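The structure comes first, and the notes follow.

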Amino acid sequence: MQQLNEPIETSAHEYPWLKSYPEGTNWDAEINPCLVHEFLEKSAKKYPRNNCTYFLGKTLTYKQIHKETNRVAKGLQELGVKKGDKVGLFLPNTPTYIIFYNAILKIGGVVVNFNPLYSVEELEFQVKDSQTDLMITLDLQILFEKVEALAASGTLKKAVICPFAKLLPAVKSFLFKAIKKKELANWQSSAVANKCIDYKTLRKNNGKYQPVESNVEDLALLQYTGGTTGTPKGAMLSHANLSYNILQKKMWAPGLVEGEEKIMGILPLFHVFAMTTVMNYGLAAAAEIILIPKFELKSGLTLIHKLRPTLMPGVPTLYTAMINFPKLSKFDLSSLKFCISGGAPLPVDVKRKFELLSGCKLVEGYGLSETSPVATCNVIGAEIREGSIGVPFPNTIVSIRSLEDPHQEMPLGERGEICIKGPQVMKGYWNKKEETENVFLGDYLRTGDVGYMDDDGYIYIVDRLKCRIL
């Protein structure tokens, strides 16, 4: 794989995207990676009174989130979590996710993201494959019953149970416990109560955790992906991989102002797209992160109208639903400055209509779990290149390789497999040496997507390699 300090030779002939690069953004700029949790630490020090999160009417400042993160970090150490240990997050979008994510990294642990919608069988596979011993979840019955099953079978050793109602404003908290009591798990009476740790007990300390010597090349995250076929695989993402991608995004939108932005957290944080473009980018920019645990269109539009966010990562279905909402004109979307779409092709008519109705720039990006995730993106304010996924991010090289002989690079305009080289590309698949070897061609990650690059360096996806087994 590419070394952090490996020089990248630049040539307009070799890299045609250089002629299309955004003004003021250097493709070969020096980017210095860091430990991912340092973004929160720096923002908390610089903007302690700024709101860090908004969740169902309750706000927490950067100082509050940082202080709670330190308490959780010490609590986890007291539980025995040490450097390299895998800790699972089985959570919807809540401040709890942000707190534990950063606390785990502070003490050298490795975050493993789990989808709350997974079946017990799917969770069981991932817990065993990742060697996750400790899971973090909420006391909501819909979540706890799955954790309970994993603990009862012996698959999971321990779980930290966090109170959902405490995340709400005082009145909402009281009403939730009174009216929706059945939605809360009585985990203290569970047969696996001896394997459960109360969040209140975990955080009851002075927050003076023991610092751990860490390196940017240390593993930070296991992000499971199914690839094209076969069982899910854990993409190993280091602190360097993740922090590079955050800094690359900051370079892509230089007009955004640190400490002044607000981000809509509609997409689930357990997915790598939202984890990077919503949470980690938000913390790096000292933005207020508006966390939405379950998105509903009308309530989401109401929040935009009321809270006036400036950024909104999303998927094409989100933007399509918004422009087709019959009463959209009643909601003020003018606060939005920059939206990025990913996960599926963005129809040009959706892009145009959304920009017309909101006044916001909407650009399409592309990436994979294996690339932390963003590898390419369209240029903000540039002419529309219909069907394009944009140009490579800073320090990122895209090479189109022959479908017959992947060692051969295809000429501009001719289709082949899209291969990616860059500092955000994963270290490999967890405990899967053969699959890792198969997905890399030298330093290049083979995406399995078929596409071509035009004369200006814009990339287009046209197909998917159907028979490829990673």
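How many nonpolar, polar and charged residues does the lining of the second largest pocket have? The lining has 26 nonpolar, 16 polar and five charged residues, where Ala, Val, Leu, Ile, Met, Phe, Trp, Tyr, Cys and Pro count as nonpolar, Asp, Glu, Lys and Arg as charged, and the others, Gly among them, as polar. The model is predicted: local features need pLDDT of at least 70, side-chain atom pairs count only at pLDDT 80 or more, and totals for chains, interfaces and linings use all residues. Residues are numbered from 1 along each chain as its sequence is written, and side-chain values use heavy atoms, with hydrogens and water left out.

**Pockets**
- A pocket is an open set of points on a 1 Å grid over the protein atoms alone, where a 1.4 Å probe fits, with protein on both sides within 12 Å along at least five of seven lines; lining residues have an atom within 4 Å of a point.
- The second largest pocket is lined by 47 residues, and H271, G343, A344, G367 and L368 lie nearest its centre.
- For the largest pocket, the lining comprises 35 residues, with L56, F164, P293, K294 and F295 nearest the centre.
- This lining of the largest pocket divides into 22 nonpolar, six polar and seven charged residues.

**Backbone**
- Most residues other than glycine have a negative phi, and most peptide bonds are trans.
- S372 and P373 are joined by a cis peptide bond, with omega about 5 degrees.
- R308, not a glycine, has a positive phi of about 55 degrees.
- N431 also has a positive phi, near 55 degrees.
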